[in-house]
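My plan is to go through it piece by piece and jot down what I look up.

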There are 2 protein chains.
Amino acid sequence: MRVVIADCSVDYRGRLTAHLPLARRLLILKADGSVLVHSDGGSYKPLNWMSPPARLATAEPTQEQAEVGVASVWTVSAAKSDDQLRILIHEIHEDLSHDLGVDPGLTKDGVEADLQRLLAEQIDLVGAGSTLIRREYPTAIGPVDILARDAAGATVAIELKRRGDIDGVEQLTRYLDLLNRDPRLAPVRGIFAAQQIKPQAKVLAADRGIACLTLDYDAMRDVDDKDSRLF
Amino acid sequence: MRVVIADCSVDYRGRLTAHLPLARRLLILKADGSVLVHSDGGSYKPLNWMSPPARLATAEPTQEQAEVGVASVWTVSAAKSDDQLRILIHEIHEDLSHDLGVDPGLTKDGVEADLQRLLAEQIDLVGAGSTLIRREYPTAIGPVDILARDAAGATVAIELKRRGDIDGVEQLTRYLDLLNRDPRLAPVRGIFAAQQIKPQAKVLAADRGIACLTLDYDAMRDVDDKDSRLF
DNA sequence: TAGTGTATCTCGACT
DNA sequence: AGTCGAGGTACACTA
């Protein structure tokens, strides 16, 4: 990895064209050829960038460019498209290279997939005596997160979100419309389950006859940990 | 802006929890308190980060931490939430600071707000002999992207998206419900037009009696270029 | 200021 | 390889 702080202007040509006027910026050149152009603000998104795989070529400036202060021209070309990033280097203030090696990578916890697994394992949370039919039950308009059967034998469709918003209720409504056309499943009732459910979503769900279930992720994980420890 | 290359491990706690084991990485500390943790690969997204506004606090390691090689503990706290990034610094290999000033900012060009204009000009694409009634036809629940009349004289409401998803079909359905109550327009049929239409959206559209039209933006732009060249 | 739609989205999982 | 769904999405625009 090479890290450069330089006065530069940048032009991107690809899906769109974009231009950055001359200013002092941080340039990151990664081993895979990708390049990031960062300013001292904004969030993690660079002002401009080239995705890997890419190749960097450096060239001398034309006389015209040299006359306006360009010291070097860096051209970054994507390997799989004709996207191009052109960096006109005026002055380099810092330039260092380090070998970082391969990163061992990020481990995540607490995403929707975890929630789905936990709820499938602890399906009693949607009602004592419930049994799992299957996760990701397929339909023409997409998979239903969890399909279950309650103690009375009725089918239950569960839509799962980390944050329960109106969108999720709409989604579940569409599934219910579809599932209720299937005589082997009908009648199907819906449960909208999330770690947090917004008031508007609760109102809409109530209006549609959909039950809401607020999930306590930490508690569910604790149960999971205890279950795992038995083995 | 401060740029550091260091051996470190990183933990994030917020919307989710994430952990990065000890490795050599690039740390970027921006003036607004935001922090990026980059490896020598991937795209522009950092392995881990803290969004601005945030505050960095540095502390001495506990004895326990010091025994496993931690030289310093950096805690980055978001100002507006309780998200926290904890960086355990083992060894710093590079550490430099530069004042970059305020960036003049990015100018973009050639983005596709033109899609609607292009389809309005090439309204025959929705059916030979069609004529434009108007773009952004106002209704009580918002403007319909394009309202047209087909060769047979029937009204056509067109909902336009770059990527056609179920949401767009729902939106068009609401417009059609409303427009069909207007005796001067009814019967109104719908066309869902997008550069890409997802299979689920197609299913739902078919179910609602809405036609789908996949648009070739490049071809439409070519036609537009040729038209422009005539003048 | 909150809501909405796009993005050079990125990223992973699955077909 | 393409497709689809989710994101600590970010970001611009609008009401």
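**Entry 1: the sheet in chain A**

I started with β9(A), which pairs with strand β10 (residues 144-149) of chain A in the antiparallel sense, over five bridges. In that pairing I found Y137(A) standing opposite V144(A) of β10(A). A reminder to myself before going further: this is a predicted model.

Next I looked up what lies on the sheet. Helix α2 (residues 112-121) of chain A packs on it and touches β9, β10, β11 (155-164) and β12 (188-197) of chain A. The direction of α2 makes about 145° with that of β11(A). Helix α3 (residues 166-179) of chain A lies across β10, β11 and β12 of chain A, and runs at about 165° to β11(A).

Then I traced the strand order. The sheet is open and has five strands, β9-β10-β11-β12-β13 (chain A), with mixed pairing. At the edges I noted β9 (131-137) and β13 (211-214) of chain A, each pairing on one side only.

**Entry 2: chain A as a whole**

I stepped back to take in the chain. For chain A I have five helices and 13 strands. Its radius of gyration is 27 Å, well over the 17 Å that the globule rule gives for 231 residues, so chain A is more spread out than a compact globule. I also noted the box that its C-alpha atoms fill, roughly 85 × 40 × 30 Å along the principal axes.

How is chain A divided into domains? I found domain 1 (2-97) and domain 2 (112-229). The centres of these two domains of chain A, taken over C-alpha atoms, are separated by 48 Å.

**Entry 3: the sheet in chain B**

Over to chain B. Here I wrote down an open sheet of five strands in the order β9-β10-β11-β12-β13 (chain B), and the pairing is mixed. The edge strands, each pairing on one side only, are β9 (131-137) and β13 (211-214) of chain B. On average, neighbouring strands of this sheet are turned by 30° against each other, direction ignored.

Strand β10 (residues 144-149) of chain B is joined to β11(B) by four bridges, and the two run antiparallel. Opposite L147(B) I found A157(B), in β11(B).

Two helices went into my notes as well. Helix α3 (residues 166-179) of chain B lies across β10, β11 and β12 (188-197) of chain B, at about 165° to β11(B). α4(B) lies across β11, β12 and β13 of chain B, running at about 170° to β12(B).

**Entry 4: where the chains meet**

How many residues are in contact between chain B and chain A? I have 50 residues of chain B in contact with 49 residues of chain A. On the chain B side, the elements that give two or more residues are β1 (2-13), β2 (17-29), β3 (35-38), β4, β7 (84-97), β8 (107-109) and α4 of chain B. The largest share of that side comes from β2(B), with 10 residues. By class, the chain B side divides into 25 nonpolar, 15 polar and 10 charged residues.

I followed β2(B) a bit further, across to the other chain. Strand β8 (residues 107-109) of chain A is joined to β2(B) by three bridges, and they run antiparallel. The bridge partner of T107(A) in β2(B) is H19(B).

**Entry 5: the DNA strands**

Last, the DNA. Around DNA strand C there are 16 residues, of which R15(A), N48(A), G42(B), S43(B) and K45(B) come nearest. β4 (48-50) of chain A and β11 (155-164) of chain B each supply at least two residues of the surface near this strand. I noted six nonpolar, five polar and five charged residues for the surface near DNA strand C.

Which residues come nearest to DNA strand D? Of the 21 residues around it, they are S43(A), K45(A), G142(A), R15(B) and N48(B). β4 (48-50) and α4 (199-207) of chain B each supply at least two residues of the surface near DNA strand D, and β4(B) gives the most, with three. That surface divides into eight nonpolar, seven polar and six charged residues.

Terms used
Residues numbered from 1 in each chain as written. Chains lettered and ligands numbered in written order. Predicted model: local features only at pLDDT ≥ 70, side-chain atom pairs only at ≥ 80, totals over all residues. Near = placed C-beta within 6 Å. Nonpolar A, V, L, I, M, F, W, Y, C, P; charged D, E, K, R; others polar. Domains from an automatic or database assignment. Contact = placed C-beta atoms within 7 Å. Pairing = 2+ DSSP bridges. Axes fitted to C-alpha atoms, helices over the stretch in contact; angles between N-to-C directions. Rg over C-alpha atoms; globule rule 2.2 N^0.38 Å.
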